[in-house]
Each structure stands twice: as structure tokens, then as C-alpha cells.
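Welcome! Please keep the sequence and the 3D view at hand as you read.

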Amino acid sequence: MPELNDIALAPTSAPRCWALIPCAGTGSRAGAAGPKQYQVLAGKPMVMHTLEAFAEVSRIDQTLVVVSPDDTFFQTPDALNASFLIAACGGSTRAASVFNGLNALQAEGAVGHDWVLVHDAARCLITPAQINQLLDACLADEVGGLLALPLPDTLKVAQAGRVTATLPRADKWLAQTPQMFRIGSLIEALELAGDAVTDESSAIEAMGLSPKLVLGSAQNFKVTYPEDFALAQALLLSRQA
């Protein structure tokens, strides 16, 4: 296995754990009026459910939310007094937002051997227990890892709306978030991989490393399409009840 960079292997102090929430997306597939992460579900904007889950995990030292430069959602007294940080450095892609957010974390005092848990703002059903499960599995790991779910359905390859092949699903997993890696390693991986990668694990994999798969939950889905909002709302309301 290729070696991680020296920053990750030779820390000078105990690593801290940071959370990074990319929140600069427009939510074009959701069909909502405005960014989907700000749509109200179960009485509050979706992203606030996400942030509350991380706030309940004592091992997370600080959470940084990455927003677009023209985003004014968090410019309210309640948001300004909240326990999380805001960085208006969102990019045109998820990878760019995460990369910019990692640099913002370093400006806040994070160092290369610290851990960062990157999580989708629109995965508002994440629970503190799932975050702790990932921490437990990865804190002693050399590479890091991600929540994921074994593929439950038959996987088809399509062309022009017709099936061209069926793929075996025994070794297929659905990637979720959080995804947890060393800050220095992830910065290096994203610099090499560029904007094309759609998750952090892909960038780490491109370096020849093998992130650890940690069993997630089917409820930790990303609210993406219009029908997802009703399901997420029902689940959030059932938890409140």
C-alpha cells in the first residue's frame, strides 16, 4: 500500500476532529425554489437538522459550513451566534468547495494530521450515533473511511434507455457521508484529482489508497429529487414524536 504523506504519519500533537459541510449547491435536481439545503423540513431548514447532529458529537471540535460567496442564509443573529463556523468560499463544484473549506479550516487552526469529516448538507437524517460509529471505526485507521451501504438492488447498465448489461452486486456499495480522512492527505488528494471527483473517497482512491467501508443506514440518504422531501420530512417527524 502506498504511504500517506509525512504529515499524516508523524503528528506532533493529538489529532483533532473537524466537520466540513459543503453547502454551496444549487439543488437543481430537487425542483425547489432555491437551494434545497435551505428548504424547511419538520419545522426547520434542512441544513440545520444536519448541523444539530454534528453538534451533539462531543469528539467533533468544530464544524465549518462552506457557502457560496453571495449566500446570505446564515447572516442572521441566530446563525452568527451559533457554534459552527461559516466560510463563504464555495466553488462551482463540490470538490472545489471542499478544497476551499479545508484551507479555511487550516486558517482556523486545523493541521494536516487532524481528521475532517466531510458531510453533505442535504443528508439531513444523519444521526450522532452514525457519526460516532464512523469515528470509532476510523480514528485508529491509517487511511480513513466512509459510511456506505451494500447495494440492495440489481444494477443495470443502460444505453439509450435500454439495458445493455447486468452487473453483479455482491461487491458493490453505495457511498454515503460523512467521509473521514486526514486534512493534509485530503488536500493533497484533491489537488491531484481536480474537480472531477464527486466524493472525497474517490480522490483518496486515486492516490492508490483504500478507504475503510463502515456500514451506514438506508435512512442516511441524500435529499435529491422532489419525492425525497416528503420521505425525509416523515422520518424527521417520526423521530421528533
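## Buried or exposed

A residue is called buried when its relative accessible area is under 20%, exposed when that value is over 50%, and partly exposed in between. F84, with 11% relative accessibility, therefore counts as buried. Please keep in mind that you are looking at a predicted model.

## A cluster of aromatic rings

Let's begin with the rings. The structure has 4 aromatic pairs. One of them joins Y38 and F74 in an edge-to-face arrangement, with 6.1 Å from centre to centre and 80° between the planes. This pair links distant parts of the chain, 36 residues apart: Y38 belongs to the loop between β1 (17-22) and β2 (40-41), while F74 belongs to the loop between β4 (62-66) and α3 (77-80). Both Y38 and F74 are buried.

F74 also pairs with F84, again edge-to-face, at 5.7 Å centre to centre and with 75° between the planes. Because F74 sits in the loop between β4 and α3 and F84 in the loop between α3 and β5 (85-87), this pair ties together parts that are 10 residues apart in sequence. F74 has 5% relative accessibility, so F74 counts as buried. Which residues make up the aromatic cluster? Y38, F73, F74 and F84 form it together.

## Salt bridges across the chain

Next come the charged side chains. A search of the whole structure turns up 7 salt bridges. In one of them, D114 meets R16, at 3.7 Å from N to O. Here too distant parts of the chain are linked, 98 residues apart: D114 is in the loop between α4 (94-107) and β6 (115-118), and R16 is in the loop between α1 (6-9) and β1. D114 is buried, with a relative accessible area of 2%, whereas R16 is partly exposed at 32% relative accessibility.

Another salt bridge joins D136 and R59, whose closest N and O atoms are 2.9 Å apart. Since D136 lies in helix α5 (residues 128-138) and R59 in the loop between α2 (46-55) and β4, the pair ties together parts that are 77 residues apart in sequence. D136 is exposed, with a relative accessible area of 54%, and R59 is partly exposed, with 30%.

## A salt-bridge network

Now find R94 and E200. They form a salt bridge, with 2.7 Å between the closest N and O atoms. R94 is in helix α4 and E200 in helix α7 (residues 200-206), so this bridge ties together parts that are 106 residues apart in sequence. E200 counts as buried, at 2% relative accessibility. Through salt bridges that share partners, R94, D120, R123 and E200 are joined into one network.

## The sheet and a helix packed on it

Finally, look at the strands. In what order do the 7 strands of the open sheet run? The order is β5-β4-β1-β6-β10-β7-β11, and the pairing is mixed. β5 and β11 (212-215) stand at the edges with a single partner strand each, so one side of each has no neighbour in the sheet. From one strand to the next, the twist averages 30°.

Within this sheet, β6 pairs with strand β10 (residues 173-182) in the antiparallel sense over 4 bridges. L117 stands opposite M180, which is in β10. Helix α6 (residues 183-193) packs on the sheet and touches β1, β6 and β10. The direction of α6 makes about 120° with that of β10.

Methods:
Residues are numbered from 1 along each chain as its sequence is written. This is a predicted model: local features need pLDDT of at least 70, side-chain atom pairs count only at pLDDT 80 or more; totals for chains, interfaces and linings use all residues. Side-chain values use heavy atoms; hydrogens and water are left out. Rings of Phe, Tyr and Trp (its six-membered ring) pair if their centres lie within 6.5 Å; planes under 30 degrees apart count as stacked, over 60 as edge-to-face and the rest as tilted. Helices (H or I, at least four residues) and strands (E, at least two) are DSSP runs, numbered from the N terminus. Buried means under 20% relative accessible area, exposed over 50%, partly exposed in between (1.4 Å probe, protein chains only). A salt bridge is a side-chain nitrogen of Lys or Arg within 4 Å of a carboxyl oxygen of Asp or Glu. Two strands pair if DSSP finds at least two bridges between them. Axes are lines fitted to C-alpha atoms, for helices over the stretch in contact, and angles run from 0 to 180 degrees between N-to-C directions. Contact means heavy atoms within 4.5 Å.
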